[in-house]
Amino acid sequence: MSGETILIVDDEPAFARVAGAFLTREGYHVVTAKDAASARETFAQARPDLVLLDLVMPPERTPEAGLSLLPDFSSAVTVVLTAHSEHELALRAVALGAWDFLAKPVEPELLRFCARRALAKAALEREIARLRAEKAGDGLIGNGPAMAHVKDMIRRIGPAELPVMILGPTGSGKELVAHAVHRARARRGPFVSIHCGAIPAELIESELFGHLKGAFTGAHADRLGLVATARGGTLFLDEIGETPLPCQVKLLRFLQEGTYTPVGGREARRADVRIVSATHRDLEAMIASGGFREDLYYRLRGVVIRTPALDERREDLSLLAAHFLGQAAKKRKLRFSQEALAWLVAQSWPGNVRELKATIECAAALADPQSSTISAEDLNFARGGGVPLAAEAVAETLPEAQEKLERRMIGAALAAAEHNHSAAARRLGVSRVGLLKMMARLGLR
């Protein structure tokens with residue numbers, strides 16, 4: 001007995017009975033449904049591995065009824081059943097996500113062969129999902145107990161279809177965890193991200209659910225929202241705690257029913273999307289104060305992953321620092337001095353991994369081009385600590401001190417401006433051409 005579950009969706013009782021009995025004798029667990037509504041309900045309860053779907057079903061008895069079910073069945077392998085004259089329709093169904101099609105009447109041997117192939121594909125996808133889940137944490141740097149727990153959570157929940165909520169302080173890598181969760185899925189739809197606090201309240205609904213032409217001033221054409229764009233993949237709601245209350249209502253409906261309505265539209269649309277949300281805020285406190293809906297909170301927090309602060313995973317700090325230095329100095333071979341490593345470990349990092357990365361990038365940009373070592377002094381200055389003038393005056397001439405100061409200020413400005421020369425020049429109060437000349441003189445180009 002293989003034990004896999006097969007759902008037969010067909011309004012012909014005779015076919016459902018005969019095909020069901022045949023597949024049961026083959027060792028499969030068979031469930032049936034006769035229309036779209038009962039098919040969705042049965043699918044949710046049975047979670048079948050394979051769906052045999054007749055496209056023409058009541059009450060409309062049009063192919064659209066069957067085609068509309070394909071997005072709902074995307075977590076299973078779907079084979080459509082068609083009449084001999086419906087070849088073009090079958091190809092359309094395959095384009096929408098069906099794996100294969102069978103023409104009625106179906107020969108028993110062909111049905112057996114098709115079921116075995118389809119279920120072998122489902123088993124292969126599950127194995128791929130398991131392997132992806134094992135590798136999903138590879139982008140997360142750290143081997144300490146805190147990160148080991150995060151990686152283990154990703155391996156366990158990645159292939160599931162549950163919503164995920166990522167909680168943790170600012171700068172602790174919540175978006176990296178969201179990407180890892182997405183990579184661990186069996187299906188390879190897109191990863192789509194939205195920062196809920198970065199979009200005006202009056203626009204966020206349109207961003208999420210799209211709008212129709214003429215829905216509001218400036219809506220000159222239909223526009224897909226991020227929910228539709230992320231179909232079959234992951235929608236990452238960063239800083240979900242910043243979502244306006246009116247939009248929370250629409251988001252709750254989508255999570256409950258799997259349907260949404262574009263701004264200006266009347267027909268509900270479906271989208272198969274996994275929701276991953278993140279926030280640094282205390283949502284339970286926000287619920288108590290009326291700033292966040294309690295029902296939405298429990299819909300979003302299917303599984304919770306907590307990203308640790310950097311001070312809680314100090315054993316990973318040297319590994320993280322080496323990784324960021326390698327990224328920041330791709331064209332140079334730079335390393336930390338022993339004093340620099342000791343300085344890094346001794347600091348408190350309230351900005352977490354993001355602050356550590358910014359400090360190392362700045363220090364790498366400021367580093368003396370004649371040296372291959374990042375010193376504790378470089379790191380201290382990059383973080384804004386400054387250097388005692390008396391200490392430098394003893395060892396340097398005025399021109400040397402001036403050159404070092406120029407190098408540091410230019411490096412800091414470039415790091416802050418993400419290496420945009422025009423923006424860095426504005427920060428320094430010089431022209432872009434002047435900045436480029438100084439960089440050439442100092443060997444920074």
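Among contacts in the protein between residues at least 6 apart in sequence, what percentage join residues at least 24 apart? The share is 68%, where a contact means heavy atoms within 4.5 Å.

**Before you look.** This is a predicted model, in which local features need pLDDT of at least 70 and side-chain atom pairs count only at pLDDT 80 or more, while totals for chains, interfaces and linings use all residues. Residues are numbered from 1 along each chain as its sequence is written, and side-chain values use heavy atoms, with hydrogens and water left out.

**View A. The whole protein.** Here you can find 20 helices and 14 strands; helices (H or I, at least four residues) and strands (E, at least two) are DSSP runs, numbered from the N terminus. Of the 445 residues, 46% count as buried, that is, under 20% relative accessible area, with exposed meaning over 50% and partly exposed in between (1.4 Å probe, protein chains only).

**View B. An open sheet of 5 strands.** Follow the order β2-β1-β3-β4-β5, with parallel pairing; two strands pair if DSSP finds at least two bridges between them. At the edges stand β2 (29–33) and β5 (100–103), each with a single partner strand, so one side of each has no neighbour in the sheet. From one strand to the next, the twist averages 20°. Strand β1 (residues 5–9) runs parallel to β2 and is joined to β2 by 5 bridges. To find your place in this pair, look for threonine 5, opposite histidine 29 in β2.

**View C. Two helices lying across the sheet strands.** Helix α1 (residues 13–25) lies across β1, β2, β3 (50–54) and β4 (77–82), and runs at about 170° to β1. Helix α2 (residues 36–46) lies across β1, β2 and β3, at about 155° to β2. For these angles, axes are lines fitted to C-alpha atoms, for helices over the stretch in contact, and the angles run from 0 to 180 degrees between N-to-C directions.

**View D. Helix α8 beside helix α10.** The axes of α8 (residues 201–209) and α10 (residues 245–257) come within 10 Å and cross at roughly 20°. That makes α8 roughly parallel to α10, a term for angles under 35 degrees. From α8, look for Ile204, Glu205, Leu208 and Phe209, which meet Cys247, Lys250, Leu251 and Phe254 of α10. These contact residues divide into 6 nonpolar, no polar and 2 charged; Ala, Val, Leu, Ile, Met, Phe, Trp, Tyr, Cys and Pro count as nonpolar, Asp, Glu, Lys and Arg as charged, and the others, Gly among them, as polar.

**View E. Strand β8 and its partners.** In β8 (residues 234–238), 5 of the 5 residues are buried, so the strand is largely enclosed by the rest of the structure. Thr234, Phe236 and Asp238 point one way, Leu235 and Leu237 the other way. Strand β7 (residues 191–195) runs parallel to β8, with 5 bridges joining them, and isoleucine 194 stands opposite leucine 237. Strand β11 (residues 274–279) is also parallel to β8 and joined to β8 by 5 bridges; there, leucine 237 stands opposite serine 277.

**View F. Alanine 215 in its loop.** Alanine 215 lies in the loop between α8 and α9 (226–229). Why does alanine 215 count as partly exposed? Because its relative accessibility is 29%. Alanine 215 touches Val263 and Gly264, leaving aside residues up to four places away in sequence. Glycine 264 is 49 residues from alanine 215 in sequence, yet their C-alpha atoms are 4.5 Å apart in space.

How values were computed:
Angles under 35 degrees count as roughly parallel, over 145 as roughly antiparallel, 65 to 115 as roughly perpendicular and the rest as oblique.
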